[in-house]
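Here is a guided walk through a predicted model. Keep the sequence and the 3D view side by side as you read.

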Amino acid sequence: MDMDQLLAQVVQDIEPQIGSGVVADYIPALAQVDPAQFGIAVALPDGSVHGTGDWTEPFSLQSISKLFTLALALSENDESIWPRVGREPSGNAFNSLVQLEYENGIPRNPFINAGALVVTDHLAGVVGDAADSVLDFLRAEADNPQIDCDDDVAASEAAHADRNLALAHFLASYDNIRGDVPRVVDQYVRQCAIAINCRDLALAGLFLARHGLRRDGSRMLSPGQTKRINAVMLTCGTYDAAGEFAYRVGLPGKSGVGGGILAVVPGRCSVAVWGPGLDKRGNSVAGVAALDRFTALTDWSVF
Ligand SMILES: NC(=O)CC[C@H](N)C(=O)O
């Protein structure tokens, strides 16, 4: 079976799940997305991409952006983020506040909202605007200058940002947000509101399959740093469902409430899936099912 046949088989096998789950509605602009869509794309180390279904339809990047801010924060061998954020699964919802006070303002990991706000703050201190820096990176890796922030989604989330503002202010009280809180939350919201399709997302994630090398062959991260990002994705990338995701899919993966998931098969490929219907923990129902079938058919899980 070649890759195109394999992807067609995956879609056929998960057909009954397409459209199941519930679209995120706490960000009103996301509530309007038609749940009956599904796309999958696989990018190979030589830069070729295979895809099927709605794989060229843009969707909201949301929490998958947390992966790119972390990678950018760690680039140029800068490890200074780690005293400010942990590397343990939280076991709590992605937007939970409860652990932060017990743990003195150090978020459990970079992939829950609290941790991502700290990473965005750090990156803003280095590059000026974290969202612009994510956008530049995605455009370069996907070779697509059209990738952009969806201003309607950003405005919609900004108008409902009380929880993220609360998290950021609380972090600031521990001196773990150092920039201006509304400015940091604005950058966080804009990085989440980037619209991207499966094709471009798979290409943008390829550096994690290529042990830290970017599309132009330059080194962004060391192989050791790449291994560690993949490890944090495996243990924390799907919030409080990371155990179930590892059990079913067996790959590092990062999800977002736009319904996308980016998964990595180190040395072999990156896979982007999108289905807007979410399960209770905020992960795409059809997306997880497709990655489950993908690793079953290819035998490419890390286990
Ligand atoms: N899990 C997600 O994708 C959440 C991202 C969303 N922008 C939020 O902050 O709530």
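Start at the ligand. Around it stand Q62, S63, F94, N95, N113, E157, N164, C192, G256, V257 and G282. Sorted by class, this shell has seven polar residues, three nonpolar ones and one charged one.

Two members of that shell lead further into the model. Take Q62 to begin with. Q62 sits in the loop between strand 3 (59-60) and helix 2 (65-74). Its phi is positive, at about 50 degrees, although Q62 is not a glycine. Most residues other than glycine have a negative phi. Is Q62 buried or exposed? Q62 is buried, because 24 other C-beta atoms lie within 10 Å.

Look for N104 in the loop between helix 3 (98-102) and helix 4 (113-127). N104 has 8 C-beta neighbours inside 10 Å, so it counts as exposed.

Helix 8 covers residues 181-192. The helix has 12 residues and reaches 17 Å from its first C-alpha to its last, close to the 16 Å expected at 1.5 Å a residue. Buried residues in helix 8 are V184, V185, Q187, Y188, V189, R190, Q191 and C192.

Five strands form an open sheet in the order 2-1-8-7-6, with antiparallel pairing. Strand 2 and strand 6 (253-255) stand at the edges, each with a single partner strand, so one side of each has no neighbour in the sheet. From one strand to the next, the twist averages 10 degrees.

Look at one end of that order. Strand 1 (residues 39-43) and strand 2 run antiparallel and are joined by five bridges. Strand 2 (residues 49-53) is mostly covered, with five of its five residues buried.

Further along, strand 7 (residues 260-265) and strand 8 (residues 269-274) pair in the antiparallel sense over six bridges. Here V264 stands opposite S270 in strand 8.

Helices pack on this sheet. Helix 1 (residues 3-14) touches strand 1 and strand 2, and its direction makes about 30 degrees with that of strand 2. Helix 13 (residues 285-298) lies across strand 1, strand 6, strand 7 and strand 8. Helix 13 runs at about 145 degrees to strand 8.

Definitions and conventions: Residues are numbered from 1 along each chain as its sequence is written. This is a predicted model: local features need pLDDT of at least 70, side-chain atom pairs count only at pLDDT 80 or more; totals for chains, interfaces and linings use all residues. A residue is near a molecule or strand if its C-beta atom, placed from the backbone, lies within 6 Å of it. Ala, Val, Leu, Ile, Met, Phe, Trp, Tyr, Cys and Pro count as nonpolar, Asp, Glu, Lys and Arg as charged, and the others, Gly among them, as polar. Helices (H or I, at least four residues) and strands (E, at least two) are DSSP runs, numbered from the N terminus. The expected span of a helix is 1.5 Å times one less than its number of residues. A residue is buried if 20 or more other C-beta atoms lie within 10 Å of its own, exposed if 12 or fewer, and partly exposed in between; C-beta atoms are placed from the backbone. Two strands pair if DSSP finds at least two bridges between them. Axes are lines fitted to C-alpha atoms, for helices over the stretch in contact, and angles run from 0 to 180 degrees between N-to-C directions. Two residues are in contact if their C-beta atoms, placed from the backbone, lie within 7 Å.
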